[in-house]
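Visitor: Can you walk me through this one? I'd like the overall layout, then the packing.
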Amino acid sequence: IGWIRASAAPVIEQLARIKTATDLGSPLPTQAVGAQLVGAMSEAQRLRREQLRPRRTLLARLLKQHLPQWQFRIPDGGFFLWARLPSGDSRELAQVALRHGVLILPGSTMSASGLYTRYVRLPFLADPEALRDGVGRLAGAWREYEGAPAARQQMSAIA
């Protein structure tokens, strides 16, 4: 069960044939549930927004509290908040953050040209306790990263 968006009908037709040949069709109960969900999409979206809005607000409040020098705007939609680091490279910070037990996505990985090295993408999908813990760990990683500029410069010179 799913959907495809493609620029050419032949591409969709070919993919549909491949799906039919490989799985012989989706089970009827799965199709029935999918059909019901399509009819209730607007309600599902409304409920999801109600669930995520407080988490987005919490993430923003935690960032202002623990990482006040980071810049961000609260998005109108989506699942992520983009934050701009005051200095450094988000790829390097991601490595430090990983050692602190938090996974962040450097902005450059979302750019075809490798730009946005001072941005990180932070999801607000997790439950509130996980968001609190994650931002606390991220703040610790930032303090470590920010406190080691000489080491970063040495590494840049070697590379």
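Guide: One term to begin with: a residue is buried when its relative accessible area is under 20%. Valine 120, at 0%, is therefore buried. Keep in mind that this is a predicted model.

Visitor: Where is valine 120?
Guide: Valine 120 sits in strand 4.

Visitor: What is valine 120 in contact with, leaving aside its neighbours within four places in sequence?
Guide: With those set aside, valine 120 contacts Trp70, Leu81, Trp82, Ala83, Ser90, Ile104, Leu105 and Gly107.

Visitor: And how far is valine 120 from aspartate 89, C-alpha to C-alpha?
Guide: The two are 9.5 Å apart in space. In sequence they are 31 residues apart.

Visitor: Let's zoom out. How many helices and strands does the chain have?
Guide: Six helices and four strands. Along the sequence they run α-α-α-β-β-α-β-β-α-α.

Visitor: What share of the chain counts as buried?
Guide: 26% of its 159 residues.

Visitor: Of the contacts between residues at least 6 apart in sequence, how many join residues at least 24 apart?
Guide: 63% of them do.

Visitor: Now the largest nonpolar core. Which members touch the most others?
Guide: Leu63, Trp70, Leu93, Ile104, Leu122 and Leu138 do. The core has 27 residues.

Visitor: Which elements give two or more residues to this core?
Guide: Helix 3 (41-66), strand 2 (80-84), helix 4 (90-99), strand 4 (119-123) and helix 5 (128-146).

Visitor: Which one gives the largest share of this core?
Guide: Helix 5, with seven residues.

Visitor: Tell me about leucine 138. What is it in contact with beyond four places in sequence?
Guide: Leucine 138 contacts Leu67, Trp70, Ala97, Val102, Ile104 and Leu122.

Visitor: Is leucine 98 buried or partly exposed?
Guide: Partly exposed, at 48% relative accessibility.

Visitor: On to helix packing. At what angle do helix 4 and helix 5 cross?
Guide: Roughly 125°, and their axes come within 9 Å. That angle makes helix 4 oblique to helix 5. The crossing is right-handed.

Visitor: Which residues make that contact?
Guide: From helix 4, Glu92, Leu93, Val96, Ala97 and Arg99. From helix 5, Leu138, Ala141, Trp142, Glu144 and Tyr145. By class, this contact has seven nonpolar and three charged residues, with no polar ones.

Visitor: And helix 3 with helix 5, what angle there?
Guide: About 25°, with the axes 10 Å apart.

Visitor: Why call helix 3 and helix 5 roughly parallel?
Guide: Because angles under 35 degrees count as roughly parallel. At about 25°, helix 3 and helix 5 therefore qualify as roughly parallel. Helix 3 also passes helix 5 in a right-handed crossing.

Visitor: Who's in contact there?
Guide: Helix 3 brings Arg55, Leu58, Leu59, Leu62, Leu63 and His66. Helix 5 brings Pro128, Leu131, Arg132, Val135 and Ala139. The contact divides into eight nonpolar, one polar and two charged residues.

Visitor: Back to strand 4. Is tyrosine 119 buried or partly exposed?
Guide: Tyrosine 119, which lies in strand 4, is partly exposed at 28% relative accessible area.

Visitor: What is tyrosine 119 in contact with, again leaving out its neighbours within four places?
Guide: Trp82, Ala83, Arg84, Ser90, Leu105, Pro106 and Gly107.

Visitor: How far is tyrosine 119 from phenylalanine 72?
Guide: Their C-alpha atoms are separated by 9.4 Å, and the residues are 47 apart along the chain.

Visitor: Last one. What is phi of tyrosine 116?
Guide: Near 65°. That is a positive value in a residue other than glycine.

Visitor: Why mention a positive phi there?
Guide: Because most residues other than glycine have a negative phi.

Visitor: Where is tyrosine 116 found?
Guide: In the loop between strand 3 (105-106) and strand 4. Tyrosine 116 is partly exposed, with a relative accessible area of 48%.

How values were computed. Residues numbered from 1 in each chain as written. Predicted model: local features only at pLDDT ≥ 70, side-chain atom pairs only at ≥ 80, totals over all residues. Heavy atoms only, no water. Core = buried A, V, L, I, M, F, W, Y, C linked by side-chain atoms within 4.5 Å. Buried < 20%, exposed > 50% of the residue type's maximum accessible area, 1.4 Å probe, protein only. Contact = heavy atoms within 4.5 Å. Axes fitted to C-alpha atoms, helices over the stretch in contact; angles between N-to-C directions. Parallel < 35°, antiparallel > 145°, perpendicular 65-115°, else oblique. Left-handed = near helix turned anticlockwise from the far one by under 90°. Nonpolar A, V, L, I, M, F, W, Y, C, P; charged D, E, K, R; others polar.
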